[in-house]
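Come along as I look things up, one entry at a time.

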Amino acid sequence: MKKLVLVLALIPLLGWSQVKSGVTYSEHPAYDVIKETYRIWESGTEAELRALYAEEAKIWGPGEDEAGTVDEEVTNMLWWQENFSDIKITVMKGATPDIIKYKDDKKGAWAMDWMVFSAVNKTSGLAIKENMHSNYYVTNQGKITTTINYYDRESAGAQIQASLGMHRNGRVYDEHPIINKLNEMVAHFEAGEISELATYFSEDVKFYRLGVDGHLNLEERTATWHQEVATNSVRNLEQSGYPDAIYYSRGEGQWVVQSWWWVNNTNTETGEETREYLHMSHDFNDDGKVTREVIYMAN
């Protein structure tokens, strides 16, 4: 009970500690500018859109490191109008815009809203629909100087591709923990640590060499590794370019790492140095084990 009394006693003090930094409106001339941009996106012209932006306006999308320009915004709008019909930007159900006029800001106001963007592909007839939240700074002269957009880029991209008749089957990464695992495998081979290398493969793994019929099992492939270690006193794999970790989403999903290498060997008996080009493809299961290796060696 004492704790409850103490909390109740603090409530008036908390109220006094609040600081009012500005005024929030649901209707404001600044937001009239934003509503006009939506009308233009739906059926307006390049000249009309440019007229609403300051020349050096910055336009940010989700996750972007650099702001876009007015030229890019115009190009984006024209692409949508060329490829899609029934473009609509409507207020999200239950939402109202907020326009904030900060008391120390004499130049303009911030406008925020929650909208739904929808359109229909002119060729396929497929519709897209995406929620978005945007922040705009509008000057007293009715010019937008900053736009910050938030939306689900993954969802929007997938819908656009589907409407254009394209299906994205996966993602490509040039940095990923599974690439680190491949590099560890290569390091074990270079060091002649074949027992450690074998632990990266599943028991039912299959090994293929392009141009050769059939495949090897893990025991047979382990024997070839030991033979290569015995044959070459130096085994140096020099990375060519960079590996790609690819996640194929079709079916149950599959991780594949594609890599390219220069193989620099020194023969143990003769000291002869050779240099060959190697391409490798490794399939990984959910446990991070290699289930298939395909290699191609070119002289």
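This is a predicted model: local features need pLDDT of at least 70, side-chain atom pairs count only at pLDDT 80 or more; totals for chains, interfaces and linings use all residues.

**Entry 1: two helices.** I began with helix H2 (residues 29–43) and helix H4 (residues 70–83), whose axes come within 8 Å and cross at roughly 45°. That angle makes H2 oblique to H4.

Next I asked myself which residues meet where H2 and H4 touch. From H2 I listed Ile40, Trp41, Glu42 and Ser43, and from H4 I listed Glu73, Asn76, Met77, Trp80 and Gln81. Sorted by class, this contact has four nonpolar, three polar and two charged residues.

**Entry 2: Gln81.** I stayed with Gln81, which is found in helix H4. Setting aside neighbours within four places in sequence, I found Gln81 in contact with Ile40, Trp41, Glu42, Ser43, Gly44, Ile87 and Lys122. I also looked up its separation from Ala162: Gln81 and Ala162 are 81 residues apart in sequence and 18 Å apart in space, C-alpha to C-alpha.

**Entry 3: the largest pocket.** How much space lies in the largest pocket? I noted about 760 Å³. Its lining has 30 residues, and those nearest the centre are Trp41, Asn76, Trp80, Asn149 and Tyr151. Trp41, Asn76 and Trp80 were already in my notes from the contact of H2 with H4.

The elements giving two or more residues to this lining are H2, strand E2 (53–60), H4, strand E6 (127–139), strand E7 (144–151) and helix H5 (153–163). By class, I wrote down 14 nonpolar, 10 polar and six charged residues for the lining of the largest pocket.

**Entry 4: the second largest pocket.** Here I noted about 620 Å³ of space. Its lining has 30 residues, and Arg209, Arg221, Trp225, Glu228 and Ile295 are the closest to its centre. At least two lining residues each come from helix H6 (177–190), strand E9 (201–209), helix H8 (218–231), strand E10 (232–239), strand E12 (254–267), strand E13 (273–284) and strand E14 (290–298). The class list for the lining of the second largest pocket reads 17 nonpolar, six polar and seven charged.

**Entry 5: Ile128.** I went back to strand E6, where Ile128 lies. Is Ile128 buried or exposed? I put Ile128 down as buried, because its relative accessible area is 7%. Not counting residues up to four places away in sequence, Ile128 touches Trp80, Phe117, Ser118, Ala119, Gln159, Ile160 and Ser163.

**Entry 6: Ser21.** I found Ser21 in the loop between helix H1 (2–16) and strand E1 (22–25). Ser21 is partly exposed, with a relative accessible area of 38%. Beyond its neighbours within four places in sequence, Ser21 is in contact with Tyr102 and Lys103.

For Ile128 and Ser21, 107 residues apart along the chain, the C-alpha separation is 39 Å.

**Entry 7: Asp86.** My last stop was Asp86, in strand E3 (residues 84–91). Asp86 is not a glycine, yet it has a positive phi of about 50°. Asp86 is exposed, with a relative accessible area of 52%.

Key:
Residues are numbered from 1 along each chain as its sequence is written. Side-chain values use heavy atoms; hydrogens and water are left out. Axes are lines fitted to C-alpha atoms, for helices over the stretch in contact, and angles run from 0 to 180 degrees between N-to-C directions. Helices (H or I, at least four residues) and strands (E, at least two) are DSSP runs, numbered from the N terminus. Angles under 35 degrees count as roughly parallel, over 145 as roughly antiparallel, 65 to 115 as roughly perpendicular and the rest as oblique. Contact means heavy atoms within 4.5 Å. Ala, Val, Leu, Ile, Met, Phe, Trp, Tyr, Cys and Pro count as nonpolar, Asp, Glu, Lys and Arg as charged, and the others, Gly among them, as polar. On a 1 Å grid over the protein atoms alone, a cavity is a set of points where a 1.4 Å probe fits but cannot get out, and a pocket is an open set with protein on both sides within 12 Å along at least five of seven lines; lining residues have an atom within 4 Å of a point. Grid points are joined across faces, edges and corners, and a volume is the space filled by probe spheres set on the points. Buried means under 20% relative accessible area, exposed over 50%, partly exposed in between (1.4 Å probe, protein chains only).
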